[in-house]
Amino acid sequence: MAQLFSPSFGFLLRLGVLAAVLAAVTLVSAWRALTSYRAAPLDALEQPVPFSHKHHVGDDGIDCRYCHSSVESAAFAGMPPLSTCMSCHSQLFTDQPALAPLVDAYLARAVLRWQRLYKLPDFAYFNHSIHIAKGIGCASCHGAVDQMPLTWRVAPLTMRWCLDCHREPAAHLRPATEIFNLHWQPRDPSALGARLLSAYHIDTRRLTDCSVCHR
Amino acid sequence: MSSLRQGLWRSLEERTGADGVRPTAQPAAPLAGMDRRQFFEALGASLTLAGLAGCSRPPQGEIVPYVHAPLGQTDGLPRFFASTLTRDGYAHGVLVESTMGRPTKIEGNPHHPASLGATDIYAQASVLQLWDPDRSQSVLHRGEPSTWDAFAAALESLAVRFARSAGQGLHILSGTVTSPTLAAQLDRVKLRYPRARWHVHQPSGNDNALAGAELAFGQRLSTQLQLRRAEVIVGLDADFLGDPAAGVRYARDFVEARSATGSAGMSRLYVIEPTPSITGAMADHRLPMESRRIAQFACALGRRLGVPAPGCAELTPDEARWLEALASDLQAHHGAALVVTGAGQPAWMHALGHALNLALASHGATLACTEPVEKLAEVDGTLASLASAMHAGEVDTLLVLDANPAYDAPADLDFARGLGRVAHLLHLGLYRDETGVLAEWHLPQAHQLESWSDGRAFDGTASLAQPLIAPLYGGRSAHELLAMLTRDEVTEGRALVRRQWQRELPDERAWQAALQSGVIAGSAFAPRSLPLRQLAPAPLPNAADQKGLELLFRSDPTVGDGRWSNNSWLQELPKPLTQLTWDNPLLVSPALAARQSLANGDRVELRLQGRSLRAAVWIMPGQAEGSVTLHLGYGRRLAGRVGSGTGFNAYLLRSSQAPWSSAGLELVSTGGSYPLASTQRHFAMEGREPVRVGTLGDYRRDPAFATAGDEFPGAPPSLYPEYPPGEYAWGMSIDLNACIGCKACTIACQAENNIPTVGKEQVQRGREMHWIRVDRYYEGAPENPRSYSQPVPCMMCEHAPCELVCPVGATVHDAEGLNVQVYNRCVGTRFCSNNCPYKVRRFNFLQYLDRSADTLKAQRNPDVSVRRRGVMEKCTYCIQRIEEAHILADRENRRIGAGEVLTACQAVCPTQAIRFGDCADPASAVAQAKRSPRNYLLLAELNSRPRTSYLARLRNPNPLLEEG
């Protein structure tokens with residue numbers, strides 16, 4: 001009876017197993033890299049009006065809360081009604097083609113559809129007001145929007161990203177006066193964080209409870 | 001130690017041990033017509049596709065800002081508006097939660113006398129009614145879509161004609177009217193068209209009570225009970241806790257007089273009734289008695305108390321013993337006694353009730369009479385007179401305002417045929433119902449949450465109703481329609497109501513104040529006292545009335561008189577006492593069932609006065625032997641997708657002469673069985689001692705009687721470590737002495753927490769989703785058992801059995817003691833539910849929640865996740881409300897104050913039986929309740945350390961009738 005396996009079979013088998021392991025490792029690594037929460041931030045999206053935070057915040061110095069008016073009182077930071085835009089733009093750049101969709105919508109009382117950059121899944125209940133009240137600055141999640149001609153997303157908004165901060169909140173706290181300052185840097189982060197943690201009465205026991213964000 | 005801790009039962013089968021199977025056990029997902037190969041193909045395909053689905057990013061989403069922001073609205077924060085909802089015409093004050101302009105939830109208005117902050121089940125269900133996709137959505141002319149303008153033109157030509165004929169042939173039909181605006185408009189119709197006629201048809205109205213007052217005092221009067229002051233109450237077929245006008249308020253007053261620790265002592269309630277009601281379930285003594293016999297008993301009681309009552313038949317020894325005990329107890333509480341007569345009893349019984357109350361000096365103390373709250377019907381303003389006018393061909397135009405006589409008119413009026421002789425039938429209604437399809441013009445009505453109106457509560461207090469949203473389908477209110485008919489110069493709803501209240505609320509500030517508080521101050525009617533007239537002798541018991549079985553007609557405990565048939569929350573709400581859903585079988589007594597060898601679900605034919613109806617039977621413990629009960633509101637043909645074809649139409653047997661009960665019924669078994677979905681045996685806690693009851697005597701001897709026999713007083717030792725304490729320790733206490741079993745908590749929870757309904761077939765399999773169920777336990781012989789209600793939400797165990805068995809950590813403890821369910825972690829093993837001794841977890845076996853109907857999406861609470869198929873869910877103590885309060889308090893660096901978090905079930909409870917709060921704060925109401933000696937834990941011996949605890953039920957029996 002002839003040999004069932006050729007002499008080179010053992011070598012080929014080892015080679016095959018090695019190849020399979022390598023392929024698996026490559027696939028897993030590629031998958032991890034692609035889905036990593038540190039994946040590239042979301043690029044700016046095409047918006048109906050090329051709104052520039054750089055111009056409005058950086059150049060003109062308009063406070064965040066002028067437009068995002070409910071950021072201190074509600075879960076939703078607030079998206080300005082068109083009438084807020086028109087409080088200036090009824091006088092300024094009204095006839096610029098870039099503003100035409102805004103002006104047209106305002107006059108026709110029609111809707112203007114902005115593309116959402118920061119979207120959480122429906123089962124996560126994020127609340128702006130409590131973060132503002134407890135010393136998390138706008139820049140912590142939204143970055144230096146005053147340098148963004150078109151707004152892009154700087155945070156991955158994954159659960160791990162949320163938890164990184166909820167587990168160690170002290171490092172991210174800032175004084176109440178610096179919440180809306182987009183370029184504030186702590187001088188002595190560790191001492192300040194511990195002090196603010198107690199000043200804000202942050203109950204770290206429950207910050208990672210499921211019930212804090214999921215209902 | 002109470003002797004009553006043994007012998008509780010939930011169903012007759014359980015009691016007799018006849019049937020060991022609980023819900024119908026069937027395969028979870030029938031693999032219809034699939035062989036093994038196909039199954040694995042489908043399995044492979046779905047796995048592959050599931051992998052692909054993981055590759056896509058979540059949908060992008062848009063932000064669409066307002067053009068002009070609504071005044072006073074902060075995006076994402078709910079706002080509350082005071083308004084009025086009516087039930088059977090009577091006003092209930094509510095606060096409507098508006099989420100970004102969408103009415104999503106109803107709460108009671110604490111300032112309103114009929115609410116005091118609570119609501120009934122109908123107020124809760126009215127948001128679902130508003131968003132019901134089956135609502136009528138356009139004007140229809142002979143079934144073809146038309147417009148309001150076309151209707152206005154048609155009405156114009158009618159109005160011209162009626163102006164010439166002074167309204168000859170114009171008839172208007174409505175339900176009970178308490179709205180001062182509508183009443184004034186009806187007067188205006190009369191002024192403009194003097195020969196027009198207005199008819200009132202309320203299928204479960206209180207005509208007998210009004211007529212009884214007329215017999216007693218010479219004029220029709222409304223009666224109000226002052227149960228807080230009553231020490232002895234006798235109910236004669238009276239379900240005052242379920243009263244459509246004032247049940248919520250009466251329940252609160254009644255329970256406040258039932259506190260064992262209060263200074264006033266504990267009141268005593270006797271109920272004599274033919275068919276069990278929630279009031280009877282709260283009674284210290286309950287006597288089942290045929291409706292027709294109650295009059296005899298009342299006469300005997302009258303004679304015993306010195307009221308010149310007409311002759312009556314002999315009482316049985318048992319009845320005589322009752323009479324003696326009752327009479328002496330009533331006399332001993334002269335001035336604090338109360339006799340209540342039910343709406344189903346004839347007018348002269350109500351007159352006799354007034355005479356009894358006068359003899360007991362109850363008027364002015366426990367009872368008040370006021371001028372009628374509702375607009376009194378005209379002479380000949382009945383449905384019967386309308387029917388005879390129709391049959392005589394005298395009705396040219398019939399305007400039906402939010403009524404459905406083609407369905408709910410008594411059968412002897414032959415109403416549908418009469419409608420055929422009406423030249424112009426105009427129908428204003430929320431649905432294109434049985435009457436709507438016959439109408440020449442069907443007009444979509446604006447919902448109560450879409451229109452301006454007003455109404456009066458049981459005590460006359462007037463309140464305004466304001467719209468929360470513009471009419472979804474261009475509907476108009478009855479006010480606006482009557483303004484068109486009378487060619488009023490004011491046509492718009494708000495202006496019509498404003499004009500009505502110009503005198504009482506002269507300036508804008510007073511108007512705004514009335515709108516804001518939800519009541520018009522000082523508008524309650526003053527009590528009247530009138531001398532009693534000579535009572536006419538009672539009609540002698542008619543031999544024909546004594547023959548055969550008597551058939552009782554009662555409003556259904558959940559769908560009412562049929563108005564709420566298309567409301568799935570109400571359909572699936574287990575009815576108090578029977579725990580039935582989706583049906584209205586004929587309730588028969590156990591003795592009758594034994595005599596005719598009937599079992600639950602057996603099909604029978606009812607024969608009454610030449611009419612017949614096929615129905616199924618349900619054996620009702622506590623039903624009087626010679627009485628059978630059929631609830632109204634079922635058997636509808638055109639209710640909508642939810643309500644059509646459910647149950648049996650009792651109106652087909654009802655007669656206009658005897659709308660509440662008819663004697664001479666023949667019951668014939670036809671063989672076969674009808675499937676009924678009762679939840680009474682679902683989620684059983686396996687024969688332990690869930691309800692603990694003692695008498696007042698037990699309580700006085702040992703206040704801690706409820707836990708006296710327990711193996712471990714206090715918490716037994718445990719091997720599990722304690723959780724470290726959090727900032728708050730949330731807990732709940734449920735007072736079984738206050739729970740009347742009305743089930744408002746179940747439906748409030750459903751509205752708050754986006755809980756789906758599952759349908760009759762799924763309920764039969766035990767898959768209903770209610771997070772808080774209300775168990776009903778019987779004790780004693782089935783002929784007249786005592787019944788107890790027990791609401792069961794999640795126990796929030798400190799050592800939770802469910803948490804230990806979850807393989808994916810989807811149910812975990814949080815720092816404040818909540819047992820949290822994380823839907824997006826849950827993979828649906830159902831281990832947790834199997835390990836839960838209280839059976840409070842609910843599993844989405846199928847995709848129950850409607851994800852397609854847009855209007856239903858608008859109803860949902862945005863603060864609560866919507867659960868999908870395959871996910872376990874359960875009570876969260878309204879975590880969304882806790883978190884809202886947490887965020888608000890944390891923002892201000894303070895603790896959450898008392899009463900800042902009310903769970904939905906707690907807020908709605910008419911008797912404040914549910915208390916919720918921080919157990920760690922000794923001053924909190926819940927901590928105080930837990931210190932009560934009546935406090936006990938459900939299944940304490942399992943040492944799961946529940947955060948939800950109960951206060952034992954108390955009874956206050958009369959020593960003459962029972963050893964206490």
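**Exercise 1.** In which sense do strand E8 (residues 170-174) of chain B and E16(B) pair, and over how many bridges?

*Solution.* Start with the ground rules. This is a predicted model: local features need pLDDT of at least 70, side-chain atom pairs count only at pLDDT 80 or more, and totals for chains, interfaces and linings use all residues. Residues are numbered from 1 along each chain as its sequence is written, while chains are lettered from A and ligands numbered from 1 in the order in which they are written.

Step 1. Strands are DSSP runs of E, at least two residues; helices are runs of H or I, at least four; both are numbered from the N terminus. Two strands pair if DSSP finds at least two bridges between them.
Step 2. E8(B) and E16(B) pair in the parallel sense, over five bridges. B:Ile172 has B:Leu399 as its bridge partner in E16(B).

**Exercise 2.** Which strand do five bridges join to E16(B), running parallel?

*Solution.* Step 1. The strand is E17 (residues 424-429) of chain B.
Step 2. In E17(B), B:Leu425 stands opposite B:Leu398.

**Exercise 3.** Is strand E16 of chain B mostly covered or open?

*Solution.* Step 1. Buried means 20 or more other C-beta atoms within 10 Å of the residue's own, with C-beta atoms placed from the backbone.
Step 2. E16(B) spans residues 397-401, and five of its five residues are buried.
Step 3. B:Thr397, B:Leu399 and B:Leu401 point one way; B:Leu398 and B:Val400 point the other.

**Exercise 4.** Which strand of chain B is joined to E1(A)?

*Solution.* Step 1. Two bridges join E1(A) to E2 (residues 62-63) of chain B, antiparallel.
Step 2. A:Gln115 stands opposite B:Glu62.

Note on methods: Buried ≥ 20, exposed ≤ 12 C-beta atoms within 10 Å, placed from the backbone.
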